[in-house]
Amino acid sequence: MKKDKAVLLIIATIIPLLMTPYLIWQTRVVAENSVMNTNSIYVPANQNRHIPDHLIKKILEKEHGKKVVMMSEVQAQSRKNAILIAISPLYMLILSVIYIILIANNNHITGGEKTFWIIAIFIGGAFIMPVYWFNYIWKRAKGPPPLR
């Protein structure tokens, strides 16, 4: 594999590792904003108001000195999270298939090693893929091409 394709593959491989903590954090933020507490003012989603939500938020924060939670913002963030969570398994499946094809076509490892890496990809997923990438894709992309 050429170096530029190897770099694109590792970027695609790292995305799930970065998205997981982000989604956990966003889920916590949405849950925190959805639970009513006395230190916040909750404004229902925009129902044909003539004043934009951001102005309502500023006015209420200034008047009451409390955190204002616009439920329209919470709903929008919840939708984004739901889309990302729904796409994640499909993305990981596609990435796993790519790695399994790369493992199957790798002539530098034996059948037993191929079996090990395929099982490791299924069990460890996004945590094992960078290890395989570094050991078998990056080192070959960096070094001289194999003799034929």
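Me: What pattern does the protein follow, read along the sequence?
Reply: This is a predicted model, and read along the sequence the protein goes α-β-α-β-α-α-α. That comes to 5 helices and 2 strands.

Me: Ok. How much of the protein counts as buried?
Reply: Of its 148 residues, 30% count as buried. The accessible surface is about 10,200 Å², and carbon and sulfur atoms hold 68% of that.

Me: And what share of the contacts with a separation of 6 or more comes from residues 24 or more positions apart?
Reply: Those account for 69% of them.

Me: Let's go to the largest nonpolar core. Which residues touch the most other members?
Reply: Y99, W117, Y132, W133 and I137 do, in a core of 16 residues. At least two residues each come from helix 1 (3-34), helix 3 (71-104), helix 4 (111-124) and helix 5 (129-142).

Me: Which helix gives the most to this core?
Reply: Helix 5, with 6 residues. As general background, nonpolar side chains in soluble globular proteins tend to be buried together.

Me: Take W133 then. What does W133 touch?
Reply: Leaving out residues up to four places away in sequence, W133 touches A6, L9, I10, Y99 and W138.

Me: Which residues does the second, separate core include?
Reply: That one has 6 residues, and I41, V43, I56 and L60 are among them.

Me: Why would residues three or four places apart point the same way?
Reply: Because an α-helix has 3.6 residues a turn.

Me: How far does helix 2 reach from its first C-alpha to its last?
Reply: Helix 2 covers residues 53-64, so 12 residues at 1.5 Å a residue would be expected to span 16 Å. The model gives 16 Å, close to that expected value.

Me: What happens just after helix 2?
Reply: G65 takes a positive phi of about 65° there. K66 lies in the loop between helix 2 and strand 2 (67-70).

Me: How exposed is K66?
Reply: K66 is partly exposed, at 37% relative accessible area. Its C-alpha is 6.7 Å from that of I41, a residue 25 places away along the chain.

Me: Switching to helix 4. Which residues are buried there?
Reply: K114, W117, A120, I121 and G124 are. Their arc around the axis is only 130°, which puts them on the same side of helix 4.

Me: And which exposed residues does the face turned away from the buried side of helix 4 carry?
Reply: You'll find G112, F116, F122 and I123 exposed on that face.

Me: One more area: T13. Is T13 buried or exposed?
Reply: T13 is buried, with a relative accessible area of 0%. It belongs to helix 1.

Me: What does the side chain of T13 reach?
Reply: The backbone oxygen of L9, at 2.7 Å.

Me: And what does T13 touch beyond four places in sequence?
Reply: L95, Y99, M129 and P130. The C-alpha atoms of T13 and M92 are 8.9 Å apart, although 79 residues separate the two along the chain.

Me: L95 is on that list. Where is L95?
Reply: L95 is in helix 3, and L95 counts as buried at 3% relative accessibility.

Me: Which residues is L95 in contact with?
Reply: Setting aside neighbours within four places in sequence, L95 contacts L9, A12, T13, P16 and M129. As for I121, its C-alpha is 9.9 Å from that of L95, with the two 26 residues apart along the chain.

Note on methods:
Residues numbered from 1 in each chain as written. Predicted model: local features only at pLDDT ≥ 70, side-chain atom pairs only at ≥ 80, totals over all residues. Heavy atoms only, no water. Helix = DSSP H or I, 4+ residues; strand = E, 2+ residues; numbered from the N terminus. Buried < 20%, exposed > 50% of the residue type's maximum accessible area, 1.4 Å probe, protein only. Contact = heavy atoms within 4.5 Å. Areas by Shrake-Rupley, 256 points an atom, 1.4 Å probe, with all protein chains shown as cover. Core = buried A, V, L, I, M, F, W, Y, C linked by side-chain atoms within 4.5 Å. Polar contact = N/O pair within 3.5 Å; in protein donor to acceptor, adjacent residues only side chain to side chain. Arc of directions from axis to C-beta.
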